[in-house]
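Please read it with the structure open.

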Amino acid sequence: MTETIRGRLVLPDGEVLGDLSVDDDGRIATIEPDGTAPADVVVVPGFIDVHVHGYGGHDAMGGPEALSGMSRALARHGVTSFLPTSVTAAYADLTEYAESVRRWMPGAPADGAEPLGFNMEGPFLSEAKKGAHPADLLRDPADIDEATLETFVEGLRIITIAPELPGALEMIKALAGRGVRVSLGHSAASAAQARAGYAAGAVTTTHLFNAMIGAIHRDPGLALAALLDDAVWVELIADTLHVDPELWPLIWRMKPAERVVLISDGISLAESGQSRGMLGALEVRVDGDRATLVDGSNLAGSVSALDYELRNLVRHGVPLVDAARASATNAAELLDLRDRGRLAPGLRADLVELDGHTFEVRRVMRGGEWIASA
């Protein structure tokens with residue numbers, strides 16, 4: 001039997017009051033305009049978080065049980081697909097992380113966000129822009145041998161590399177040739193060095209404006225190169241802390257709307273009830289909605305989720321269609337996922353029902369099944 005969801009349907013090209021039917025295979029069967037559908041229910045594609053280190057007290061590098069807990073915690077916020085993301089660590093720990101995700105994925109919980117592989121943020125980062133990454137564990141791409149790099153490639157969907165490091169352009173080219181989406185970030189690169197990184201095969205940008213040189217008038221860096229290249233994606237943490245909302249209109253004016261990818265950069269302390277914990281090898285603390293290293297010197301990820309960030313975007317004037325595109329469609333395009341990320345017949349019925357006034361999550365569907373805990 002099919003199920004019909006009614007409301008304001010947020011489609012790739014606009015909003016329409018209508019009915020969306022889901023078939024027995026968990027796919028969208030039809031979308032029909034219907035002026036009698038309730039306007040106070042908003043239906044958007046299921047969110048895809050491609051950069052998240054943990055959530056709900058669970059760390060992406062904590063093994064299968066933690067990954068399952070993280071998956072379920074993210075689903076409560078409308079995330080139907082995600083990439084668990086590592087932080088900088090020793091090669092042996094990163095190898096174990098990669099193997100752990102691979103072992104866990106076939107049995108990942110059906111009532112949580114679906115894993116799509118994994119993301120690695122580090123260790124190929126600039127010490128000058130290390131942010132919340134331990135300097136002693138950072139590495140130059142030139143220093144890793146091919147056999148060690150090979151242990152990470154299976155299941156690796158995104159990796160952050162600072163393009164100015166020795167061997168970086170060669171690594172970018174090699175990984176891009178294997179289908180890995182290389183992201184430029186944690187970088188002191190000049191604009192010219194950043195353009196060289198994109199030319200070598202990088203296609204996206206890790207948390208725009210954070211841990212990089214910005215649009216400084218005499219010293220432009222990675223942020224400017226990313227904004228001026230219409231072909232590359234940029235990640236945005238829209239928690240209002242990492243990038244001031246005054247800059248959000250600039251991003252949408254300079255980037256095609258289909259090249260902005262909303263990410264949470266969430267950490268395990270988010271919704272954990274704890275104010276202190278570890279992010280990799282570093283101790284972090286949470287004060288209100290702000291996560292920092294324990295000494296307060298740097299932001300250390302976020303305690304937000306994509307539903308919160310979508311509400312922020314809409315509250316600050318970003319059209320709902322663009323906010324939904326940033327939270328789902330663009331990530332699917334980045335990862336070349338053809339079966340999700342939009343409301344369209346034939347695609348997976350991964351969707352989120354939002355309250356039409358507050359944009360709070362009401363219900364979450366993954367593959368045609370409502371997630372009970374969400």
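A search of the whole structure, which is a predicted model, finds one cavity of 30 Å³ or more. About 70 Å³ of space lies in this largest cavity, and its lining consists of V10, L11, P12, P45, V321, A324, R325, T329, G341, R342 and L343. By class, the residues around the largest cavity are seven nonpolar, two polar and two charged.

Open pockets can be described in the same terms. The largest pocket holds about 320 Å³ of space and is lined by 23 residues, of which G131, A132, H186, A211 and L299 lie nearest its centre. Its lining has nine nonpolar, nine polar and five charged residues. The second largest pocket, for its part, holds about 170 Å³ and is lined by 13 residues, with E146, L149, M171, A174 and L175 the closest to its centre. Here α3 (146-153) and α4 (168-177) each supply at least two residues of the lining, which by class comprises eight nonpolar, one polar and four charged residues.

The table sets out the volumes and linings.

| Space | Volume | Lining by class |
|---|---|---|
| Largest pocket | about 320 Å³ | nine nonpolar, nine polar, five charged residues |
| Second largest pocket | about 170 Å³ | eight nonpolar, one polar, four charged residues |
| Largest cavity | about 70 Å³ | seven nonpolar, two polar, two charged residues |

Helix α4, which contributes to the lining of the second largest pocket, is also among the elements that cover the buried residues of α5, together with β12 (181-184), β13 (204-205) and α6 (222-228). Which residues of helix α5 (residues 191-200) are buried? They are A191, A194, G197, Y198 and A200. An α-helix has 3.6 residues a turn, so residues three or four places apart point the same way. Just after α5, G201 takes a positive phi of about 135°.

Between β13 and α6, two of the elements that cover α5, runs a loop in which G214 has its place. Is G214 buried or exposed? Because its relative accessibility is 14%, G214 counts as buried, the cut-off for that class being under 20%. Leaving aside residues up to four places away in sequence, G214 touches D219, P220, G221 and A223. G214 and S190, for their part, are 24 residues apart in sequence and 9.4 Å apart in space, C-alpha to C-alpha.

Technical notes: Residues are numbered from 1 along each chain as its sequence is written. This is a predicted model: local features need pLDDT of at least 70, side-chain atom pairs count only at pLDDT 80 or more; totals for chains, interfaces and linings use all residues. Side-chain values use heavy atoms; hydrogens and water are left out. On a 1 Å grid over the protein atoms alone, a cavity is a set of points where a 1.4 Å probe fits but cannot get out, and a pocket is an open set with protein on both sides within 12 Å along at least five of seven lines; lining residues have an atom within 4 Å of a point. Grid points are joined across faces, edges and corners, and a volume is the space filled by probe spheres set on the points. Ala, Val, Leu, Ile, Met, Phe, Trp, Tyr, Cys and Pro count as nonpolar, Asp, Glu, Lys and Arg as charged, and the others, Gly among them, as polar. Helices (H or I, at least four residues) and strands (E, at least two) are DSSP runs, numbered from the N terminus. Buried means under 20% relative accessible area, exposed over 50%, partly exposed in between (1.4 Å probe, protein chains only). Contact means heavy atoms within 4.5 Å.
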